[in-house]
Amino acid sequence: MKCQKIAALVLAAGSILNTLPAFAQETSVYEIKSKEDLFALKEQESVGSVRLCANLDLSGMNAEQYLIPSLAGTFDGGGHTISNLKLAGKTGNWGTKYNTGLIGELTGTVTNLNLENITIEESSCGFSYVGTIAGFIPDGHTAAVDQCTVTGNISISSGSQLYIGALVGGVSGMINQDSSLTVQSCVSSVTISGSSSGYAGGILGYVGYYCTLDLSNSAILGNHSNGTVCGIIGYAPSKDAKLHLNNSYYAGKLSGSGKKRIITHNISELSELTCQNVYYDSQKNSYTDTLNKGYSSVTGITGYKTAELPEKVLKSDIFEIRPGEFNGYPVPKRAETAPDWGISFSGDNAVVSAAEDGTYYVIFAAYKGKTLKSAAMIKNTFTAGETTVTAPSAFVTDGADTVRAMLLDSPETLHPLTPAATK
């Protein structure tokens, strides 16, 4: 009787979990466990929330403009790394501008993600917004990039109306449709070689009308050359733009025959500009203006020689030096990552990740095709974090072609706390 009850529970739970294999039905979070999972998102017109569950090396795989056309929810990197992503931009026109980045259009949040050695190359890419994490944030939307690290290169040799941001290409707003981008605790170490008629910045390529950038606790380390190049924002044409810059610094070098600004190239006095504990390398950028229009001086931003800059930044307990990384420049301290729900196999054992203490149920199931061959259920008291669970000896996998482990809150509700693990 007990075995029959467990089998019934397994079949019911399996039915729930198999409805959307890559999603936790209650939360609709798409889990990225492989390169194939990630590339499958290119076919979706718009994506809600996703969670990166593993480090992915994309060497040899070209993604063209983006991997995710549009993201409205949260991309949770989980501290994992996507390495060797290669993108190529596309030339638009006055009526159609193209967006290039891991995410084409962002109206949500990207958090706790590492992009390592990303490359964006194109000979000509006019009328475009180009960024590593995201290309563009459209009118009337709020977006955020939090605790992300990006290293790599962007090289686009020609193209007018081109806006390159080491993190995000551009953000646009309209009257009664304000937009904003919040960037905090990020590392931007991206070398940019842009078009002679384009604009580039170490965080953002373009901040438009009725737009706000809130930048805090971030390190900008990349060198930028050709065209109008700036430490933080490539171009801020509107007096309605608002910039709030705090506890951040630019340690790269701006070069080339075009205009060079530490904060941004602007053509009118900005609606709001506040700087607090903002620093830059004045030795590498000895002939560079902070801004260019209507500002005889800007308070809260200070230049230091190359050797002095790291020491000044480290006076804040927000930053740390990681031995062997970023040429000794300080970067934001890593935040403690809270446990999340999860279940996976380690050999024949299930590894359960519990987000909080409690009593939960693990169901083991072995299938031959669609036929359930063996099942077992274990009730266990978990503490937040990882716990290894061993299936009872009565659970038999001989002859099975699929083995699953499921984590439930109770056998009565059959609520899956995370997608099933399969081997």
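This note sets out, point by point, the strands, cores, pockets and selected residues of a predicted model.

1. Open sheet. Six strands form an open sheet in the order β9-β13-β17-β21-β26-β30, and their pairing is parallel. At its edges stand β9 (98-100) and β30 (260-261), each of which pairs on one side only. Within this sheet, strand β21 (residues 199-201) runs parallel to strand β26 (residues 228-230), and 3 bridges join the two. One of the residue pairs here is G201 with C230, the latter lying in β26.

2. Strand β20 and its partners. Strand β20 (residues 187-193) is joined to β16 by 7 bridges, and the two run parallel. In that pairing, N153 has T191 of β20 as its bridge partner. Strand β20 is also joined by 2 bridges to strand β24 (residues 219-220), again in parallel, with S188 bridged to I220 in β24. A further 2 bridges connect β20 to strand β25 (residues 224-225), and this pairing is parallel too. There, S193 stands opposite S225 in β25.

3. Largest nonpolar core. The largest nonpolar core contains 75 residues, and those with the most contacts inside it are F75, I82, L213 and L245. Strand β32 (residues 272-281) supplies the largest share of this core, namely 4 residues. As general background, nonpolar side chains in soluble globular proteins tend to be buried together.

4. Surroundings of L213. Which residues does L213 touch, when those up to four places away in sequence are not counted? They are L181, V183, L204, I232, I233, K242, L243, H244 and L245. Of these, L245 is itself listed with L213 among the residues that have the most contacts inside the largest core.

5. A separate core. Another core, of 20 residues, lies apart from the largest one. Its members include F345, F382, V389 and A391.

6. Largest pocket. The largest pocket holds about 810 Å³ of space. It is lined by 31 residues, and R51, H80, D340, W341 and S353 lie nearest its centre. The elements giving two or more residues to this lining are β3 (49-52), β36 (342-346), β37 (349-354) and β42 (421-422). Among the elements, β36 provides the largest share, 4 residues. By residue class, the lining of the largest pocket comprises 13 nonpolar, 11 polar and 7 charged residues.

7. Second largest pocket. About 370 Å³ of space lies in the second largest pocket. Its lining has 21 residues, of which L113, N114, T149, R322 and R334 are the closest to its centre. Two or more lining residues come from each of β12 (114-124) and β16 (149-158), and β12 gives the largest share, 3 residues. The lining of this second largest pocket divides into 7 nonpolar, 9 polar and 5 charged residues.

8. Residue K35. K35 lies in helix α2 (residues 35-40). Its relative accessible area is 30%, so K35 is classed as partly exposed. Leaving aside neighbours within four places in sequence, K35 is in contact with L56, D57, L58 and M61. The C-alpha atoms of K35 and Y163 are separated by 29 Å, and these two residues are 128 residues apart along the chain.

9. Residue T107. T107 is found in the loop between β10 (103-106) and β11 (109-111). Is T107 buried or exposed? T107 counts as buried because its relative accessible area is 16%, and the cut-off for buried is under 20%. Apart from neighbours within four places in sequence, the contacts of T107 are L71, A72, P138, H141 and T142.

10. Residue N277. With residues up to four places away in sequence not counted, N277 touches N246, N247, S248 and G300. N277 and D398 are 121 residues apart along the chain, and their C-alpha atoms are separated by 64 Å.

Methods
Residues are numbered from 1 along each chain as its sequence is written. This is a predicted model: local features need pLDDT of at least 70, side-chain atom pairs count only at pLDDT 80 or more; totals for chains, interfaces and linings use all residues. Side-chain values use heavy atoms; hydrogens and water are left out. On a 1 Å grid over the protein atoms alone, a cavity is a set of points where a 1.4 Å probe fits but cannot get out, and a pocket is an open set with protein on both sides within 12 Å along at least five of seven lines; lining residues have an atom within 4 Å of a point. Grid points are joined across faces, edges and corners, and a volume is the space filled by probe spheres set on the points. Ala, Val, Leu, Ile, Met, Phe, Trp, Tyr, Cys and Pro count as nonpolar, Asp, Glu, Lys and Arg as charged, and the others, Gly among them, as polar. A nonpolar core is a set of buried Ala, Val, Leu, Ile, Met, Phe, Trp, Tyr and Cys residues joined through side-chain atoms within 4.5 Å. Buried means under 20% relative accessible area, exposed over 50%, partly exposed in between (1.4 Å probe, protein chains only). Contact means heavy atoms within 4.5 Å. Two strands pair if DSSP finds at least two bridges between them.
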